[in-house]
Amino acid sequence: MPTLEILSGKLSGKTFTFTEEAKIGKDDTCPIRITDPGVSRFHAQIRREGGAVKIEDLGSSNGTYVNFKKRSKGDKASLKDKDIIFFGRTVSKFWAEAPPDGAAVSLDLLRQTVPIRGLKCPSCSQSLENAFASQIQEAERVEIIRRLGLHQLPPAQLKQLLSQAK
């Protein structure tokens with residue numbers, strides 16, 4: 001059953017399972033209620049359409065991002081297992097089925113989303129994934145900090161959060 005796992009914010013670790021459709025937003029009528037300040041009353045909607053699960057932004061103020069691509073109002077995006085979705089500053093992960101038992105909630109979650117697997121040098125076909133692992137990891141960390149607005153936190157609090165995310 002499709003599941004949305006919340007990875008950051010007040011609802012971190014909570015999962016929402018749905019069958020046909022679910023609205024996401026601050027409104028009390030939304031089955032997936034997220035009270036993040038960057039989330040609109042009716043922010044987005046996830047629904048089954050044929051054999052696919054699709055997400056649609058409902059005209060939210062801050063947008064809905066699927067794998068770091070902003071979705072415009074009415075622009076439907078098909079979701080795949082382990083896609084990362086941002087609602088305001090709330091980071092979530094889509095599971096086509098329920099998350100595996102004991103799935104660790106971690107901000108080191110982009111490894112399977114950012115297209116780095118199988119990167120090869122165009123001239124010699126040597127794998128670049130290992131060669132650039134530290135740069136890729138740093139870029140992921142910077143992107144998470146930026147997307148969540150963590151750069152606005154006091155340095156000590158940011159350092160503590162980053163140590164917990166490792």
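Strands β5 (residues 44-49) and β6 (residues 52-57) run antiparallel and are joined by six bridges. Strands are DSSP runs of E with at least two residues, numbered from the N terminus, and two strands are taken to pair if DSSP finds at least two bridges between them. The model is predicted: local features need pLDDT of at least 70 and side-chain atom pairs count only at pLDDT 80 or more, whereas totals for chains, interfaces and linings use all residues. Residues are numbered from 1 along each chain as its sequence is written, and side-chain values use heavy atoms, with hydrogens and water left out.

The pair β5 and β6 belongs to an open sheet of five strands with mixed pairing, in the order β4-β3-β5-β6-β9. β3 and β4 run parallel and are joined by two bridges, with Arg33 in β4 as the bridge partner of Gly25. Ile46 in β5 stands opposite Ala22, and the bridge partner of Ile46 in β6 is Ile55.

Leaving aside neighbours within four places in sequence, the contacts of Ile55 include Ala44, Thr64, Val66, Ala77, Leu79, Ile85 and Phe87, where contact means heavy atoms within 4.5 Å.

Ser8 lies in the loop between β1 (3-6) and β2 (15-17). Ser8 is buried, with a relative accessible area of 10%; buried means under 20%, exposed over 50% and partly exposed in between, for a 1.4 Å probe and protein chains only. The side chain of Ser8 reaches the backbone nitrogen of Val91 at 2.9 Å, and a polar atom of this side chain lies 3.4 Å from the backbone oxygen of Arg89.

The structure holds zero disulfides (pairs of cysteine sulfur atoms within 2.5 Å). Cys30 is buried, with a relative accessible area of 5%, whereas Cys124 is partly exposed, at 47%.

Technical notes
Helix = DSSP H or I, 4+ residues; strand = E, 2+ residues; numbered from the N terminus. Polar contact = N/O pair within 3.5 Å; in protein donor to acceptor, adjacent residues only side chain to side chain.
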